[in-house]
Structure formats: structure tokens, C-alpha cells
Amino acid sequence: MIHVLKPGLLTTVQDLGRLGYQQYGVVVGGALDGFAARVANLIVGNDDNAALLELAQTGPDLRFDRETLVAWGGADFGAMIGNEPLPCDRAVRVAAGETIRFGLAKSGLRAWLAVAGGIDVPLVMGSRSTYRRAGLGGHEGRALKAGDDLHAFAPSDWATQILTALRTGQKRATTWTVRPGTMGRPAAAGVVRALRGPECSWFTLEAQKAFFSAEWTATKEADRMGVRLAGPVLARRQEGEMVSSAVNAGVVQVPAAGQPIVLLPSRQSVGGYPRLAAVAAVDLRRFTQLRPGDKVRFEEITLAVAHDLYLARERDLSRVRTGLARLTG
Amino acid sequence: MRFTPLGDNALMLEVGDVIDEPTHRRVQEAWRALAAAPLPGVTELVPAYTTVTLFYDPLLAVQAGAPATDIADWLTVQVEERLKHPPKMEKVKIRTVEIPVCYGGEFGPDLALVAKQAKLSPEEVIKRHSKPEYLVYLVGFAPGFPYLGGLPKELETPRHARPRMTVPPGSVGIGGAQTGIYPLATPGGWNLIGRTPEKIFRPAENPPVLLRAGDRVKFKAITPAEFDQREAPP
């Protein structure tokens with residue numbers, strides 16, 4: 001059992017989202033950085049889609065009443081286990097009765113904590129992710145509160161072996177680690193790769209150029225649905241309403257005021273604002289770590305390049321998976 | 001018919017560009033043909049007014065035979081083939097769903113406002129709102145929220161300049177030329193003219209919604225007493 005001593009600002013149970021229900025207006029949601037979630041799960045021997053905790057801005061304090069294996073990564077929350085720092089990006093042994101404390105995110109905004117076996121909450125419409133607006137999924141359809149008790153499923157044989165090896169060797173954590181950054185550590189200011197969107201030509205050539213060259217500032221208007229950016233006003237070539245159509249995580253919508261919104265996984269299923277661009281899937285994670293005032297630039301890439309990046313990342317992950325499977329502590 | 005990429009993991013199929021019933025029927029046909037059997041690499045289909053968007057996983061597509069350098073084109077060919085030779089499908093039975101609505105009073109605080117701008121009595125607004133058979137063009141915005149077409153022109157009312165912080169679930173509203181039902185307590189800018197005791201979003205059922213794209217909807221006026229009776233737990 002995992003006892004929630006302090007809940008943190010917005011700690012939620014997430015998996016890779018609720019697929020197949022967008023046609024009914026149900027949001028996909030899930031871990032904002034699905035790749036980081038997959039890596040965290042991989043490190044503790046879980047399936048990619050196992051439920052884990054997503055932390056935002058202020059992390060929780062959690063007491064474990066059973067020995068287990070955990071892995072976390074993402075923004076630097078100054079996490080401690082007892083009196084020592086909690087190592088990230090690797091498998092960590094938590095002894096029975098120990099407490100993990102996450103502080104305030106020092107840079108970036110979010111992190112993911114996987115527990116061997118995965119968090120045991122009911123499947124709702126095929127997913128364990130929290131859907132707060134509808135009050136379902138996750139732990140009672142809401143963010144964690146002090147006093148909540150979470151349970152995990154039984155760890156995999158592999159996780160049990162790693163745990164045994166750590167205990168026998170009296171080690172806190174594995175010496176191996178996944179490459180830093182794989183789990184979504186925020187990168188320094190940089191460039192985000194993006195593709196043209198279906199309504200790109202609705203904007204003036206200057207606006208299109210400005211979008212792909214200007215420096216954009218993240219605003220306070222940001223949540224799990226999207227991040228609003230501030231910068232040059234993007235003017236339209238023609239007025240007129242768009243007929244509502246599907247949107248996707250990464251889609252860059254531009255409402256009438258001419259300031260773009262980058263959509264994140266808890267976006268609505270359809271939208272009516274022109275879609276100027278779409279962030280490459282491999283770079284979308286950057287927007288889950290932006291704090292108000294952080295800067296980003298967009299660089300235009302082609303669909304073929306975006307697919308190449310995506311496939312390369314999947315190959316990387318598959319190599320990590322193969323490598324880990326051979327380890328036994 | 002036109003294909004446009006929506007980022008690197010979705011492909012949008014456009015079958016028209018206006019909101020009307022013939023376009024809606026084409027969207028439904030394409031969507032049904034694509035949904036009838038899984039397409040390689042495709043993870044989800046999202047129909048809207050004029051489009052069906054296919055969400056795909058590039059890796060799954062490559063594993064299914066797509067050339068890594070040309071995934072979208074390969075997928076386009078798969079979709080075109082499927083639409084040219086659609087699988088045998090059951091004939092769609094058009095469902096007409098009756099939605100009981102308690103108009104006005106605490107359930108519809110904006111009924112008077114809608115009546116005033118339509119220069120009609122509240123009773124006449126109720127009569128005209130509950131007369132047509134509306135078409136559910138799509139479901140979106142919130143889980144189960146139906147975008148309905150067929151609102152009588154005279155009832156069109158602009159959205160509130162300042163949306164309400166919270167609209168009670170089941171509220172029936174008018175926003176511009178649209179009318180719809182709020183499934184959940186959400187912020188909203190539509191003019192609320194009534195409320196239904198029916199649950200629009202039903203997470204424990206499959207499908208988890210009362211109304212689906214393609215359904216016909218008929219509103220039926222009920223009294224506050226009938227509302228309370230319907231809403232009371234069995």
C-alpha cells in the first residue's frame with residue numbers, strides 16, 4: 001500500500017490515455033509525456049500502459065508499507081527518500097515503511113513516478129487515467145488527497161529479481177540508468193520541430209513566417225489541455241469560421257486574437273480554430289515542462305522527417321527494452 | 001475527397017466543406033466503411049462535420065508494411081482502397097431519441113431572454129424548439145455533447161459575452177445557430193432554456209453516450225414534477 005501523506009498540487013494517476021472514445025467526445029488524456037511514462041514503466045518492469053503517478057509543480061509525500069521498486073524522472077523535484085536524494089532514471093528500492101518526499105519543481109513542471117506492478121485502479125473505458133472534468137478514472141476520478149491509499153499490482157518476475165539483487169547487495173538503486181533526458185527532463189531553451197497544419201494557408205505569409213521564426217513565450221494560461229503562447233500577432237489572410245474538425249495533441253490552434261495555443265493530451269476531441277501547425281510527436285513533451293516566461297521557437301520540418309524522428313525514438317526505446325531484459329540486477 | 005496530414009500521427013479525410021445533411025451522410029458512410037474492419041496502423045477514427053480523421057501510430061503502420069519514408073501516402077492508398085470496396089455493412093437504422101426537457105424557470109434561466117430577442121412568448125419558444133427533428137452532426141466538446149442541426153432560424157441567439165462559470169449537467173442551450181445539451185457541469189456561454197433529467201454521458205455503458213452522430217433528436221416538454229420524478233433514483 002502507498003499512503004499519501006501530502007498530495008502535492010496536482011498528482012494524478014495516469015496511463016497512456018483513453019483510446020477509441022473520441023468519437024463520443026471523451027478526451028484521450030493520459031500522461032502528458034507518454035514517452036516518459038513508458039520509460040518509467042519499463043525501468044520497473046511494467047507494461048508500457050501501466051498506471052503511474054504524474055506530478056505537477058509540487059510533488060507528493062508517499063509512504064510505502066511494502067518493499068518495492070520505483071522509477072521516476074522528469075522535472076527536478078528535489079526528491080528525497082529518507083535523508084538521501086532519490087536517484088532518477090533508474091530502478092530504486094524502497095524498503096517497507098520508507099517515505100519518498102517530492103518538493104517543488106526547480107525547473108520544468110512535471111515528473112512521472114512508476115511503481116513496480118503499476119497502480120491498481122479500475123479500468124474505465126479501457127483506461128486507468130484520471131479524467132477530472134468527468135470525475136472518472138484514476139483514483140476516484142480526481143487528483144490525490146492526503147490520506148488516500150493506493151495499491152499496486154504484483155510486480156513482474158523481472159522486477160522481483162532486480163529488487164532481490166538490490167536487497168542482497170544492500171544497494172539503494174541500480175547502477176545502470178536510462179540516458180538522462182529520456183524521461184522528459186526539461187531541455188534548455190531550444191527549438192521545437194513542427195509541421196504545417198491544415199489551415200496554415202489561412203494566415204498571411206508574414207504570419208506563417210513569424211510563427212516559424214519568432215521567439216514565443218509560454219504564458220500562465222496552461223493546463224493539461226494546452227499551453228497558450230505569446231508573441232507576434234498572427235494575422236489571417238481571410239476571415240471566416242472554420243468548420244469544427246478533429247484536433248490532436250500537438251496541434252497549434254490560433255484563435256481570433258492571433259496568439260497560438262499548443263494542444264496537449266487532455267485537449268477536446270474537436271476544435272473550431274484554424275490549425276496553423278502541429279508539433280512533431282517527439283518534441284511535444286517540451287510543452288509539458290514549460291513554465292510561464294519560458295521561450296520556444298518552432299522549426300518547420302516535413303512529415304517524412306517527423307516520421308523518421310518518431311521511428312528512431314521507437315528504435316531507441318526498443319534497444320533499451322532489450323538491454324534491460326538481459327539484466328538481472 | 002481530399003487527404004491532409006494533421007501532424008505526424010493523424011490523417012484527415014475531407015469529404016466536403018459545408019455543414020449540411022448530404023455531407024453528413026458522406027462522412028457517416030466513410031466512417032462506417034473505415035470502422036467496419038481495422039485498418040493497419042490506425043488507432044482511432046474521429047468523424048466531424050466534413051471530415052473523418054484517422055489517428056495512426058507510424059510504427060504500427062511500418063510494421064504493417066508501410067515504407068518508412070512514405071507512411072501517409074501508403075495509408076492514403078489503404079483508405080482509398082477501403083472506400084472503393086467497402087465491406088458489407090448492416091443497413092443503418094436511423095434512431096430517433098426523445099429527450100424530455102423541463103423548459104424555463106430555474107431549469108432554463110435564459111428562456112425569457114431568448115423569447116425577447118425572438119419577439120415570441122416563452123410558450124411559443126418552447127413550442128418551436130421542441131417541434132423539429134434535430135440531426136446529431138457530431139459528438140464532441142464534452143463527453144456526449146451533441147452538435148445538433150435544425151434549430152429554427154428565429155430562435156438563434158448569440159452566446160453570452162461572459163460565459164457562466166458552471167452550467168448544470170443536462171442543461172439545454174442555444175448558442176448562435178446551434179442547440180445542444182451539456183452532459184457535465186462545465187463553464188458555458190450558451191443561453192440555457194431548459195434541462196433534461198436524462199443522462200447524456202453514461203460512462204458505465206457502451207457506448208458511453210445517449211446520443212451518437214447520425215441520430216435524430218426530438219425534445220419533449222415536461223413539467224417540473226415530471227422532471228423530479230425522472231431524475232429521482234430508482
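Predicted model: local features only at pLDDT ≥ 70, side-chain atom pairs only at ≥ 80, totals over all residues.
Residues are numbered from 1 along each chain as its sequence is written, chains are lettered from A and ligands numbered from 1 in the order in which they are written, and side-chain values use heavy atoms, with hydrogens and water left out.

**Where the two chains meet**

- On the chain A side, 38 residues are in contact with 48 residues of chain B (contact means heavy atoms within 4.5 Å).
- About 3300 Å² is buried between chain A and chain B, and carbon and sulfur atoms give 67% of that; buried area is the accessible area (1.4 Å probe) that two parts lose on being put together, summed over both.
- Three residues, A:Q23, A:Y24 and A:H307, supply 19% of the area that chain A buries against chain B, more than any other three residues.
- What about polar links? Ten residue pairs are in polar contact across the interface of chain A and chain B, both residues at pLDDT 80 or more (a pair of N or O atoms within 3.5 Å; within protein, one must be able to donate a hydrogen and the other to accept it, and residues adjacent in sequence count only if both atoms are side-chain atoms).
- Salt bridges between chain A and chain B come to zero (a side-chain nitrogen of Lys or Arg within 4 Å of a carboxyl oxygen of Asp or Glu).

**What chain A brings to the interface**

- β15 (245–246), β19 (275–279) and α4 (303–326) of chain A each supply at least two residues of the side that touches chain B; helices (H or I, at least four residues) and strands (E, at least two) are DSSP runs, numbered from the N terminus.
- The most comes from α4(A), with seven residues.

**A sheet in chain A**

- Six strands form an open sheet in the order β7-β6-β9-β4-β1-β11 (chain A), with antiparallel pairing; two strands pair if DSSP finds at least two bridges between them.
- β7 (84–85) and β11 (149–150) of chain A stand at the edges with a single partner strand each, so one side of each has no neighbour in the sheet.
- β6 (residues 80–81) of chain A pairs with β7(A) over two bridges, and A:I81 stands opposite A:E84.

**Strand β13 in chain B**

- β13 (residues 216–221) runs parallel to β5 (residues 96–103) in chain B, joined by six bridges; B:E98 has B:K218 as its bridge partner.
- With β6 (residues 134–139) of chain B, β13(B) pairs in the antiparallel sense over two bridges, and B:L135 is partnered by B:R216.
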